Amino acid sequence: MGVEICVEGLTKSFGQQVIWQDVSLTLPAGEVSVMLGPSGTGKSVFLKTLVGLLKPERGSVRIAGRDITKLREHDLYEVRKLFGVLFQDGALFGSMSLYDNIAFPLREHTRKPESEIRRIVLEKMDMVGLIGAEEKLPGEISGGMRKRAGLARALVLDPEIILFDEPDSGLDPVRVAYLNQLIVDLNAQIDATFLIVTHDIASARQVPDNIGLLFRRELVMFGPREKLLTSDEPVVRQFLNGRMQGPIGMAEEKDAAQVEQELAQLDAPTKAPGSQALTPRLLPGPGISRPPRWQAIASREAESHRKEVADA
Ligand SMILES: Nc1ncnc2c1ncn2[C@@H]1O[C@H](COP(=O)(O)OP(=O)(O)OP(=O)(O)O)[C@@H](O)[C@H]1O
Ligand SMILES: [Mg+2]
């Protein structure tokens, strides 16, 4: 059914370097959330902290009533079975075939017979379009194929929580479109709780229920997608519209005077009606029934549409 993840006051540093501080958010059970942020703001570190691979200095991560930052290794091992994780680099074992890589979590965490493992592995490989590549080694295939193998592996244990770190990087636009549809369909079918890190703004606009943005060592905003997509917060606006003008620069931070000047130039024209238009959400494919919460999401979106029109 998916479980809620409740993050409170989380702070992570490496030595003197604070990566982010006082991050609080709730990933609602069964919903899809996306985490955005410039390169180096600690998105991958955030995912690793959620699975307990990295220990935060302060704060808590409550999953199914337990604070995983306080668990010992043995209990953590149990909690990790709830997760399906695709790491940014894919993290496949180089000396194992794709088939064995994808079968690995099943052999490690379950006592299923090989015949059952085979059924599950082939089903997931089919789902991500890798049938025929079972015997290939990770070094012999393209980056996009490695990504998809990582996706298949993240799904074999029927996880309740799915964390994908840039599942779409290295994929061509058509495959990104398929991947987005796959995520929406999967979510409607298995109702797991998703958190996806992506740099692809089009995906971030269409796929999730919620969006978060990390910037300057803080969580700038986290909330329903329509709230962020129509937000006037300068960092959120700049990021979701992929603009150069705004607080985010190449070196990540610009000086205050420059930002103010840019925003002054930007504000007048972009206040025009429709500039913050709400992209429609991607729906599950034909034959896949929509979970009940979609009703609530639809009326929430209709409400913010009405507000948008009234404001314009
Ligand atoms: N194990 C580690 N030890 C020390 N520093 C680390 C470690 N892992 C990450 N960092 C640092 O934490 C910061 C955030 O890294 P992270 O990989 O989370 O960024 P990111 O937001 O995922 O970036 P990108 O979008 O490029 O993937 C970086 O400055 C990185 O050097
Ligand atoms: Mg990263």
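Here is a short tour, one selection at a time.

Before you click, know that this is a predicted model, where local features need pLDDT of at least 70, side-chain atom pairs count only at pLDDT 80 or more, and totals for chains, interfaces and linings use all residues. Residues are numbered from 1 along each chain as its sequence is written, chains are lettered from A and ligands numbered from 1 in the order in which they are written, and side-chain values use heavy atoms, with hydrogens and water left out.

**Stop 1: ligand 1**

With Gly40, look at the backbone, where an N or O atom is 2.8 Å from an oxygen atom of ligand 1.

How much of ligand 1 does the protein bury? Taken alone, ligand 1 exposes 640 Å², and the protein buries 62% of that. (Those areas come from the Shrake-Rupley method with a 1.4 Å probe; for residues, only the protein chains shown count as cover.)

(Helices, H or I with at least four residues, and strands, E with at least two, are DSSP runs numbered from the N terminus.)

**Stop 2: the magnesium ion**

Select ligand 2, the magnesium ion. Its protein donors are Ser44 (OG) and Gln88 (OE1), lying 2.0 to 2.2 Å from it. (Donors are N, O and S atoms within 2.8 Å of the metal, or 3.2 Å for Na, K and Ca; water is not among the atoms, so sites may look incomplete.) Ser44 lies in H1 and Gln88 in the loop between strand S6 (83-86) and helix H3 (98-109), so the pair ties together parts that are 44 residues apart in sequence.

Are these two buried or exposed? Ser44 is buried at 18% relative accessible area, while Gln88 is partly exposed at 38%. (Buried means under 20%, exposed over 50%, partly exposed in between, with a 1.4 Å probe and protein chains only.)

**Stop 3: an open sheet**

Show the strands in the order S2-S1-S4-S5: these four form an open sheet with antiparallel pairing. S2 and strand S5 (66-67) are the edge strands, each pairing on one side only. (Two strands pair if DSSP finds at least two bridges between them.) Zoom in on strand S1 (residues 5-14), joined to S2 by seven bridges, and find Val7 opposite Leu25.

**Stop 4: strand S3**

Finish with strand S3 (residues 32-36): five of its five residues are buried, so it is largely enclosed by the rest of the structure. Val32, Val34 and Leu36 are on one side, and Ser33 and Met35 on the other. S3 pairs in the parallel sense with strand S8 (residues 193-197) over four bridges, where Ser33 stands opposite Leu195. S3 also pairs in the parallel sense with strand S9 (residues 210-215) over four bridges, and there Val34 has Ile211 as its bridge partner.

Definitions and conventions: A polar contact is a pair of N or O atoms within 3.5 Å; within protein, one must be able to donate a hydrogen and the other to accept it, and residues adjacent in sequence count only if both atoms are side-chain atoms.
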